[in-house]
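Good morning, everyone. Please take a look at the structure on the screen.

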Amino acid sequence: MTEEYTPPKVWTWEAENGGTFASINRPIAGPTHDKDLPVGKHPLQLYSLATPNGQKVTIMLEELLALGHTGAEYDAWLIKIGDGDQFSSGFVDVNPNSKIPAMFDTTNLMRVFESGSILFYLAEKFGEFLPTELAARTECMNWLLWLQGSAPYLGGGFGHFYAYAPTKQEYPINRFAMEVKRQLDVLDQHLEENEYLAGDTYTIADMATWPWYGRMVTGGGYEAGEFLSVHEYEHILRWEKQISARPAVQRGQMVNRTSGPLEGQLHERHDASDFDTKTEDKLQG
Ligand SMILES: N[C@@H](CCC(=O)N[C@@H](CS)C(=O)NCC(=O)O)C(=O)O
């Protein structure tokens with residue numbers, strides 16, 4: 001057991017509380033500095049980073065482009081959350097919550113934030129990856145909102161205490177490991193009966209879930225594969241393989257990526273040809 005903590009009567013902000021995100025976390029909203037966001041030539045402007053939440057959107061945009069929707073052409077600008085780019089005045093204008101991903105649609109001057117809302121917006125705008133028939137559409141939204149509600153337990157809960165907290169503590173790691181394994185079992189049982197999350201067709205629910213739980217079962221998430229015995233989830237593993245074989249998924253996960261092998265990092269994407277010419281291995285020679 002760890003040392004007991006007695007909360008004070010009133011919580012106060014200690015700027016340096018330790019942990020990986022100590023320097024960027026604050027208890028207040030709003031910008032820290034004045035800076036406009038860059039704007040490129042394409043209809044959609046994306047401000048993001050290739051975390052699982054960011055990858056959801058770049059996968060969707062690449063899937064739409066693969067279907068020939070030229071209106072889904074996009075500029076993907078890098079937001080370095082470790083450097084506090086999400087607190088610029090320009091970013092706060094597109095997302096008052098100061099979290100990536102955020103998007104601006106220049107065709108109707110609309111801001112879209114929250115990754116689930118961006119997926120839904122793009123699905124509605126282009127009429128793709130969201131069934132139109134009520135029952136199938138509802139099932140797709142059930143799983144999309146399940147993911148949006150569940151992933152914070154995986155990332156902000158389990159991932160934070162297992163990988164990022166300044167000390168390893170048994171209570172929070174146990175609590176969130178239990179919950180994450182329960183979530184994995186929910187998905188595994190569902191995918192035993194269904195090819196994709198919403199049934200027979202690949203939808204925005206799969207695109208949202210793959211970067212989180214797909215990554216977990218291949219052992220990549222927080223390097224906790226062995227700890228969580230992820231090999232047990234054979235139906236998630238089958239689904240994960242199916243999704244990761246899609247070329248648009250392979251491209252989408254490279255955009256705004258700043259870690260991992262250099263050939264998989266495309267820091268900014270402004271043209272389809274950037275995947276061939278502007279990955280970090282090519283730029284660094
Ligand atoms: N519910 C949000 C969560 C977005 C989110 O948590 N983004 C993280 C990166 S994955 C972020 O921008 N963190 C920066 C910060 O907390 O200051 C969504 O789905 O878009």
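How are H1 and H3 oriented to each other: roughly parallel or oblique? Hold that thought while I cover the ground rules.

This is a predicted model, in which local features need pLDDT of at least 70, side-chain atom pairs count only at pLDDT 80 or more, and totals for chains, interfaces and linings use all residues. Residues are numbered from 1 along each chain as its sequence is written. Helices (H or I, at least four residues) and strands (E, at least two) are DSSP runs, numbered from the N terminus.

Now the answer. The axes of H1 and H3 cross at roughly 10° and come within 9 Å. Axes here are lines fitted to C-alpha atoms, for helices over the stretch in contact, and angles run from 0 to 180 degrees between N-to-C directions. H1 and H3 are therefore roughly parallel to each other. The cut-offs: under 35 degrees is roughly parallel, over 145 roughly antiparallel, 65 to 115 roughly perpendicular, and the rest oblique.

Who touches whom? From H1 come Asn53, Lys56, Val57, Met60 and Leu64, and they meet Ser115, Ile118, Leu119, Leu122 and Phe126 in H3. Contact means that two C-beta atoms, placed from the backbone, lie within 7 Å. This H1–H3 contact has 7 nonpolar residues, 2 polar and 1 charged. For these classes, Ala, Val, Leu, Ile, Met, Phe, Trp, Tyr, Cys and Pro count as nonpolar, Asp, Glu, Lys and Arg as charged, and the others, Gly among them, as polar.

Next, the domains. The assignment gives domain 1 (1–128) and domain 2 (134–252). Such bounds come from an automatic or database domain assignment. Their centres, taken over C-alpha atoms, are separated by 20 Å. Domain 1 puts 21 residues into the contact, and domain 2 puts in 19. On the domain 1 side, helix H1 (52–66) and helix H3 (115–126) are the elements that give two or more residues. H1 gives the most, with 10 residues. That side divides into 10 nonpolar, 8 polar and 3 charged residues.

H1 also packs on H6. Their axes are 9 Å apart, at an angle of about 140°. H1 and H6 are therefore oblique to each other. H1 passes H6 in a right-handed crossing. A crossing is right-handed if the near helix is turned clockwise from the far one by less than a right angle, and left-handed if anticlockwise. Pro52, Gln55, Lys56, Ile59 and Met60 in H1 meet residues of H6, including Met207, Pro211 and Arg215.

H6 has another partner, H4. Helix H4 (residues 134–164) and helix H6 (residues 204–217) have axes 8 Å apart and an angle of about 30°. That makes H4 roughly parallel to H6. This crossing of H4 past H6 is left-handed. Cys140, Trp143 and Leu144 are among the H4 residues that meet H6, and Ala205, Thr209 and Met216 are among their partners there. The H4–H6 contact divides into 11 nonpolar, 1 polar and no charged residues.

On to the ligand. Of the 13 residues around it, Thr51, Asn53, Ile81, Lys99 and Ser115 come nearest. A residue is near a molecule if its C-beta atom, placed from the backbone, lies within 6 Å. The shell has 4 nonpolar, 7 polar and 2 charged residues.

Last stop, the backbone. Most residues other than glycine have a negative phi, and most peptide bonds are trans. Ser98 has a positive phi, near 50°. Ser98 lies in the loop between H2 and S3. Ile100 and Pro101 are joined by a cis peptide bond, with omega about 0°. Pro101 is in the loop between helix H2 (89–94) and strand S3 (102–105).
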